[in-house]
Amino acid sequence: MKTKRQVNLRFPREPLLIEIERRCSFPDCGGRTHIGLTKSEAIEYRGFDCTQCERWNDDRLGEREVPEAWHGPIQPTQS
Ligand SMILES: [Zn+2]
């Protein structure tokens with residue numbers, strides 16, 4: 001019997017990092033924060049520390065910000 005050798009050489013084109021831009025939700029600040037997230041960071045993402053006032057902002061990733069290849073482990077909010 002002949003066994004087919006399967007060589008799996010598929011390299012899915014997954015982005016390694018996504019970058020998002022957020023504005024601080026505190027009205028007295030409103031500072032801009034650039035956030036770079038790896039896939040595992042994006043899964044855990046629940047918010048960010050403002051780079052200006054250093055306060056915590058609750059946040060979720062929007063559907064358009066998460067690459068489709070990452071959907072599944074990441075449940076983006078509908079935007
Ligand atoms: Zn701020």
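Two residues count as being in contact here if their C-beta atoms, placed from the backbone, lie within 7 Å. Keep that in mind for the residue discussed further down; the model itself is a predicted one.

**The overall picture**

Let's start with the fold. The protein has one helix and four strands, and reading along the sequence gives the pattern β-β-α-β-β. Its radius of gyration is 18 Å, well over the 12 Å that the globule rule gives for 79 residues, so the protein is more spread out than a compact globule. The C-alpha trace spans about 75 × 20 × 15 Å along its principal axes.

Some values for the whole protein are handy to have side by side:

| Property of the protein | Value |
|---|---|
| Radius of gyration | 18 Å |
| Share of contacts with a separation of 6 or more that join residues 24 or more positions apart | 32% |

**A look at T77**

Where does T77 lie? T77 sits in the segment after strand 4 (56–58). Is T77 buried or exposed? With 11 other C-beta atoms within 10 Å, T77 is exposed, because a residue with 12 or fewer such atoms falls in that class.

Which residues is T77 in contact with, once its neighbours within four places in sequence are left aside? They are R60, G62 and E63. As for C53, T77 is 24 residues from C53 in sequence, and their C-alpha atoms are 26 Å apart in space.

Methods: Residues numbered from 1 in each chain as written. Predicted model: local features only at pLDDT ≥ 70, side-chain atom pairs only at ≥ 80, totals over all residues. Helix = DSSP H or I, 4+ residues; strand = E, 2+ residues; numbered from the N terminus. Buried ≥ 20, exposed ≤ 12 C-beta atoms within 10 Å, placed from the backbone. Rg over C-alpha atoms; globule rule 2.2 N^0.38 Å.
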